[in-house]
Amino acid sequence: MAFALTIRNRQKTRVLNARLLRRIMRALLEEMLQLANADLGLLLVAAPEMTRLNETFLRHAGSTDVITFDYREAAEVAPSSRGLRPAGAVELALHGEIIVCVDEAILQARRFRTSWPVELVRYLVHGVLHLCGFDDQTPAARLRMKREENRLLRRLAGRFPLSRLARSR
């Protein structure tokens, strides 16, 4: 198993516990998803930067919560109907980047009556699921992805104190 996880925090809205975030991501990748290897970049940004990235790369106006870039060759991707490795398949490897907008996590946490660290982890799980082959383009695919996202988020929340991702200044 080979894992490379790079975390870059380019936002100043909230102070974040990067060590805990790294532990959460490793548990997600290694234990919960049982991935063979990963080369993953996590970039935490504020709304202005996410707006620029969203408009530049996706041609969508305004900010968004999470953007995922998959850097694997198309031939390497081997998702099953659940988005995870099919029985007997070559071990799945991830190579990509997940960009998360902390400002959006704060806004959506208020809307859904949760905390911004929980919302942040949800976005990271969502991005990883995209890299595992999940799709949210149709209602059925979106439902399948949301169920898996919720299942993994519950497992992570049961194992880690997600509220401790927020550090006081």
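Is E31 buried, partly exposed or exposed? E31 is partly exposed, with a relative accessible area of 40%; here buried means under 20%, exposed over 50% and partly exposed in between (1.4 Å probe, protein chains only). The model is predicted, so local features need pLDDT of at least 70 and side-chain atom pairs count only at pLDDT 80 or more, while totals for chains, interfaces and linings use all residues. Residues are numbered from 1 along each chain as its sequence is written, and side-chain values use heavy atoms, with hydrogens and water left out.

**View 1. The salt bridge of E31 and R159.** These side chains meet at 2.2 Å, N to O; a salt bridge is a side-chain nitrogen of Lys or Arg within 4 Å of a carboxyl oxygen of Asp or Glu. The pair links distant parts of the chain, E31 in helix 1 (residues 18-32) and R159 in helix 5 (residues 139-159), 128 residues apart. Helices are DSSP runs (H or I, at least four residues), numbered from the N terminus. R159 is partly exposed too, at 44%.

**View 2. E149 and its partners R122 and K146.** R122 and E149 meet in a salt bridge of 2.8 Å, N to O. This pair joins helix 4 to helix 5 across 27 residues. R122 counts as buried at 17% relative accessibility, and so does E149 at 3%. For E149 and K146, the closest N and O atoms are 3.2 Å apart.

**View 3. V121 in helix 4 (residues 116-131).** V121 is buried, at 1% relative accessibility. V121 touches I24, L153, L156, L162 and L165, not counting residues up to four places away in sequence; contact means heavy atoms within 4.5 Å.

Technical notes. Helices (H or I, at least four residues) and strands (E, at least two) are DSSP runs, numbered from the N terminus.
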